[in-house]
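Take the structure below one piece at a time. The walk starts with strands, moves on to helices and ends with the ligand.

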Amino acid sequence: MMNASRPTASREPGAIPGGDFIPLCVPEIRGHAWTYIKECLDTGWVSSVGSFVDRFEREIAAVAGTRHAVATTSGTAALHIALLVAGVQPDDEVLVSTLTFIAPANAIRYAGAWPVFIDADPEYWQMDVDKVRVFLREGCTLAAGELRNKVTGRRVRAILPVHVLGHPVDLDPILDLAREFHLAVIEDAAESLGTRYKGRAVGGLGDVGCLSFNGNKVITTGGGGMLVTNNTDWAKRARYLTTQAKDDPVEYEHHAVGYNYRLPNVLAALGVSQLEVLDAFVEAKRRIAATYVEGLRGVPGLTHMREAPWAFSTYWMYTVVIDPEPFGMDSRKLLAVLQENGIQSRPLWRPLHATRAHQGAERAACPVAEHLYRHALSLPCSVGATPAQLAKVIACIRAASAAGPAAV
Ligand SMILES: Cc1ncc(COP(=O)(O)O)c(C=O)c1O
């Protein structure tokens with residue numbers, strides 16, 4: 001179970017490690033981790049090839065329901081390679097969720113392409129399918145099989161929906177639109193291993209999918225990622241590009257500029273052990289969600305993240321929205337109150353269209369993402385969070401709401 005004194009997954013300013021501190025989301029190391037890692041150390045197979053890399057790839061492919069999986073050093077690396085194998089070229093455009101961690105937009109820029117930011121839907125906070133449709137139908141022209149943005153004149157090549165917070169995007173209409181407009185679909189399932197859309201695992205539903213195993217994800221390798229696909233040529237290309245594009249490893253012949261993106265065997269060993277307990281971890285996350293729903297029932301001005309009828313959410317990061325007036329204070333004041341009580345919480349991401357890093361990219365209005373950024377707060381939800389810790393978070397939120405601004 002969770003040891004409260006270990007460091008938080010993110011060493012952000014304001015985090016108080018140690019003591020009774022309740023972190024937002026930290027790794028849970030269980031099962032055969034030590035045995036598998038020791039095997040790597042004992043045999044010397046610690047680097048970027050080895051049986052655990054092969055096994056981790058096979059087992060992730062089975063979970064994602066894809067023919068192939070290629071392990072990478074991070075989810076961001078997987079996204080970069082996914083864009084390249086999907087044929088995204090410099091100066092192309094890629095539609096991407098604006099309400100997400102910055103990695104997918106950065107990966108688009110690594111490929112020399114440009115993000116077109118799409119708002120979140122107000123119900124489940126995922127890429128808004130209607131806004132994708134409006135952009136493609138009204139903002140673009142299709143000629144000779146090529147889609148071009150009417151404003152920038154750039155070729156639109158792919159859609160990159162991000163399954164945020166462990167909940168799936170409504171993918172079927174996106175896949176239909178992609179077929180209609182000849183676009184590739186690259187799923188960012190970094191936060192959503194174990195999530196299902198209409199009963200099927202996310203990541204394996206588009207042309208290529210990407211997963212992350214960084215420290216705060218459902219399972220972790222410390223750092224790592226995976227590209228999953230049914231496309232054999234793309235998988236081969238991904239393997240080639242992630243290993244420095246070696247055409248003749250003896251004579252050092254390289255026909256392309258490759259990358260050093262392969263996951264070390266010792267980290268894959270941790271990944272294999274974590275995957276063995278994935279179901280238990282997802283069950284724990286869903287139990288935490290149910291505890292918050294029950295414990296915060298009736299708190300004025302507090303609404304919970306929701307699960308669509310077609311979704312199986314892992315509730316990777318449990319998030320609520322605070323309406324300041326009925327609740328008694330805004331989300332940032334609540335964050336401060338929780339912090340004073342040794343409880344770590346975090347707002348959702350600043351929408352990417354509003355970040356300095358991606359100024360100048362194409363976007364329509366994104367009022368939903370902006371509203372969620374101002375008002376949402378993610379609560380502690382480590383797999384190992386104890387009932388006592390969750391009860392403390394719930395009591396603190398209830399007290400803050402009851403006391404209003406006087407609580408600060
Ligand atoms: C939606 C999303 N995409 C991509 C990433 C990048 O993964 P990594 O940190 O493994 O590079 C993350 C998280 O870190 C993420 O939350």
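β8 (residues 196-197) and β9 are paired strands in this predicted model. They run antiparallel and share two bridges. Tyr 197 has Arg 200 of β9 across from it. This pair belongs to an open sheet of three strands. The order there is β9-β8-β13, and the pairing is antiparallel. Which strands stand at the edges? They are β9 (200-201) and β13 (311-312). Each has a single partner strand, so one side of each lacks a neighbour in the sheet.

A second open sheet has four strands. Read across, the order is β12-β14-β17-β15, again with antiparallel pairing. The edges belong to β12 (302-304) and β15 (346-347), which each pair on one side only. Look at the β15 end. There, β15 pairs with β17 (residues 376-378) in the antiparallel sense, over two bridges. Arg 346 has Ser 378 in β17 as its bridge partner. A helix also lies across part of this sheet. Helix α11 (residues 331-340) spans β14 (319-322), β15 and β17. Its direction makes an angle of about 25° with β17.

Next comes a hairpin. Strand β4 (residues 140-143) pairs with strand β5 (residues 146-149) over four bridges, in the antiparallel sense. Ala 143 is placed opposite Glu 146 of β5. Two residues lie between the strands of this hairpin. Ala 144 takes a positive phi there, near 50°.

Now the helices. Two packed helices are described by the angle between their axes and the distance between the axes. Start with α5 (residues 129-138) and α6 (residues 171-181). Their axes come within 10 Å and cross at roughly 10°. Angles under 35 degrees count as roughly parallel, and α5 and α6 are therefore roughly parallel to each other. From α5, the contact takes Val 129, Val 132, Arg 133 and Leu 136. From α6, it takes Pro 173, Ile 174, Leu 177 and Phe 181. By class, that contact has seven nonpolar residues, one charged residue and no polar ones.

Helix α8 (residues 265-275) takes part in two further contacts, one with α1 and one with α2. Take α1 (residues 33-43) to begin with. The axes of α1 and α8 come within 8 Å and cross at roughly 160°. How are the two helices oriented to each other? The angle is over 145 degrees, and α1 and α8 are therefore roughly antiparallel. The crossing of α1 past α8 is right-handed. On the α1 side, the contact residues are Ala 33, Tyr 36, Ile 37, Glu 39 and Cys 40. They meet Asn 265, Val 266, Ala 269, Leu 270, Val 272 and Ser 273 in α8. Eight residues of this contact are nonpolar, two are polar and one is charged.

Then turn to α2 (residues 51-64). Its axis comes within 8 Å of the α8 axis, and the two cross at roughly 40°. Here the crossing is left-handed. Phe 52, Val 53, Arg 55, Phe 56, Glu 59 and Ile 60 represent α2 in the contact. Their counterparts in α8 are Asn 265, Ala 268, Ala 269, Gly 271, Val 272 and Leu 275. The class count for α2 with α8 is eight nonpolar, two polar and two charged residues.

How many residues lie around the ligand? There are 14. Those that come nearest are Ser 74, Gly 75, Thr 76, Ala 103 and Ser 212. Two helices contribute to this shell: α3 (75-85) and α4 (103-110) each supply at least two residues. By class, the shell has seven polar, five nonpolar and two charged residues.

Note on methods:
Residues are numbered from 1 along each chain as its sequence is written. This is a predicted model: local features need pLDDT of at least 70, side-chain atom pairs count only at pLDDT 80 or more; totals for chains, interfaces and linings use all residues. Axes are lines fitted to C-alpha atoms, for helices over the stretch in contact, and angles run from 0 to 180 degrees between N-to-C directions. Angles under 35 degrees count as roughly parallel, over 145 as roughly antiparallel, 65 to 115 as roughly perpendicular and the rest as oblique. A crossing is left-handed if the near helix is turned anticlockwise from the far one by less than a right angle, and right-handed if clockwise. Two residues are in contact if their C-beta atoms, placed from the backbone, lie within 7 Å. Ala, Val, Leu, Ile, Met, Phe, Trp, Tyr, Cys and Pro count as nonpolar, Asp, Glu, Lys and Arg as charged, and the others, Gly among them, as polar. Two strands pair if DSSP finds at least two bridges between them. A residue is near a molecule or strand if its C-beta atom, placed from the backbone, lies within 6 Å of it.
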